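Take a look at the sequence and the structure below. The report then goes through them topic by topic.

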Amino acid sequence: MTQPMTHVQAVRATTRVREASLGARLRRIVFRKSTLAFALVLPLIVLIGGLILYPFGYSIYLSMLNKAETRFVGLDNFRFLFRRETFWMVVQQSVIFTVTAVFFKSLLGFILAHLINVLPNKRQRLWRGLSLVPWVMPPALSSLGWWWLLDPSYSAINWIITSLGGVRIAFLADPYWARFSVILVNIWYGSPFFMIMYLAGLKSVPADLYEAAEIDGATRFQRLRYVTIPMMRNIIAVTVLFSTIVTFANFDIVRVLTNGGPRGMTELFGTWAFKLGIQSGDIPQAAAVSLFLFPILAVLAFFILRNVSKRASEI
Amino acid sequence: MSETTLSPAAAGKVGSIRSGRRWALILAYIFLGVFVVFFLFPPYYMLVTSFKTDHEISSLAGIPWIINESPTLYHYKNLFTNTMFPTFFKNTVIVTVCSVALSMAISILAAYSLARMRFIGSTVLATGVFLTYLVPDTLLFIPLFKVLGFLGVMNTKWALVLVFPTLAVPFCTWIMIGYFGSIPKELDEAALIDGAGHLQMLFRIFIPVAMPGIIAATIFAFTVSWAGFLYPAAFIFSNDEMILTVGTVTTLIRGDVYHWGGLMAGALLGAAPPVIIYAFLMDYYISGLTAGATKG
């Protein structure tokens, strides 16, 4: 790449700043190095501490207050949640939504990455770019497009169904079709991300491994099974784990398409917490609901960290 | 056995591999075509709808993904003259510019320090930054609602300028640590001997050399803020302070009649800036994104 160029520029830049007596400067730099180092990360610490860690701790405290936030009620909010049918429906839907969407995003991303990787290098850019469009559009806005696309009476999908002699489907009003629809839109939005990660993974597999396998007479499937997948194991794991967190915590697609309905069948933790906290003003209950994202986050984060550091030590 | 002459069987195999490759290529194009239709149909349909007259949108005649009557710019004109859309757009630009600048300033300084200067707890902090990248917005919006209330910025765009960096900074810092870490150490030794201070080194060497990484991080911060939906939905309730995503979803839908044309026009205009930016800078962004996962 442009490494030599920038290197030269950088060296030139350093000669430009050559000035002042060497000894005094060096001593001063050593003396204040750690102070300066800390000063440089201070804004980061303030941001993470003030707007991530503190709110997280505060959220635990909030979840133990009564609705008016005047009295400490311990774990009552959680106990109340466990008794509510809606809660268990949200748990069920979150699991179905996340597992199905992540599985298909991963599968489609994997296929797509392979398809693009087969093309000659100069063609790859265009197809990769076209496939990235769903992921580049703000999901809240593209969900509006899907909403219109899934409209029961006037829109394209039902037009195709009726022209083929089928019966109109009320995609967003029928509970099971609504579940199908939010998952479909999530797959549409997310599979390009998997494609990008898997494509990078495919490119990092040394070509001589494939050549060796081919000479040994390995079939296409065997090459996939014994070369590609083992070499990409790590990137697959990190991408799947990361996407699981993001999918589990989804808000915008469900909010725009179904707003949790019909009859709460598509409600996720994020959308339900929003309804309880922001729309109904029950902040403590909403804090309790959104805290359920934390254990999932913690477990997945543990595995991601393990994969990332394993990868680092392999290199 | 001679190495130069191929047996007929081997020659046939080479030929079949070659024709196998050609077939693989043709099949790849066919399947890619199917994928691209799936991926691009929704935005295409939005575009077509935005040029249709209300009359055509609400009629059942004709193929829906073709403009059957004369196309119109009415929805776009209406968007700019009769709705709050220009205000939303302006607010989004303000919020995005401010939060991107804030995010980049914080993450460049921190990444330089974490990549090059060791101090007590710096490795723990680097890991911590990575972990905060995994924290989703849905986990924190409830307590942030209260925190922004204390800070007195609730229902203003400044609330968003404060909270969007919490989503952008961890990732930006993480990839900048990677980019800064890959700069050869000899370069800063040379600079130190030449008498450059740390800040001079950062601005004259690290930032220019790590420009691709900075571009990738900036695009990420831009996306987080431009496409942000939960935070504005939770923290902004007045139309004057509203931003594009939430504004389009909530205010352009009036009553029982959905103004599909206007809605689609607004959604497309809101989606256009990120799409245009990615079209030009996609390679930077992808290398930054995949470096974050593959480097570690």
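## Chain A: burial and folds

How much of chain A do buried residues make up? Of its 315 residues, 42% are buried. Keep in mind that this is a predicted model.

Chain A has 14 helices and 0 strands. Reading along the sequence gives the pattern α-α-α-α-α-α-α-α-α-α-α-α-α-α. Now take the contacts in chain A between residues at least 6 apart in sequence. Of these, 67% join residues at least 24 apart.

## Confidence

The predictor scores the complex as a whole. The ipTM is 0.88 and the pTM is 0.87.

Chain B has an average pLDDT of 87. In this chain, 91% of the residues reach at least 70. Where in chain B is confidence lowest, and where is it highest? It is lowest in helix H1 (residues 8-50) of chain B, with a mean of 83. It is highest in helix H11 (residues 230-235) of chain B, at 96.

Residues 1-6 of chain B need a separate look. Their pLDDT stays under 50. For residues 1-6 of chain B, the model has 1 contact beyond four places in sequence.

## One residue: Pro86(B)

Pro86(B) sits in helix H4 of chain B, which covers residues 85-116. Is Pro86(B) buried or exposed? Pro86(B) has 11 C-beta neighbours inside 10 Å, so it counts as exposed. The cut-off for exposed is 12 or fewer.

Pro86(B) also pairs up with a residue from elsewhere in the chain. Ile243(B) is 157 residues away from Pro86(B) in sequence. In space, the two are 9.9 Å apart, C-alpha to C-alpha.

How values were computed: Residues are numbered from 1 along each chain as its sequence is written. Chains are lettered from A and ligands numbered from 1 in the order in which they are written. This is a predicted model: local features need pLDDT of at least 70, side-chain atom pairs count only at pLDDT 80 or more; totals for chains, interfaces and linings use all residues. Helices (H or I, at least four residues) and strands (E, at least two) are DSSP runs, numbered from the N terminus. A residue is buried if 20 or more other C-beta atoms lie within 10 Å of its own, exposed if 12 or fewer, and partly exposed in between; C-beta atoms are placed from the backbone. pLDDT is the predictor's confidence in each residue, from 0 to 100. Two residues are in contact if their C-beta atoms, placed from the backbone, lie within 7 Å.
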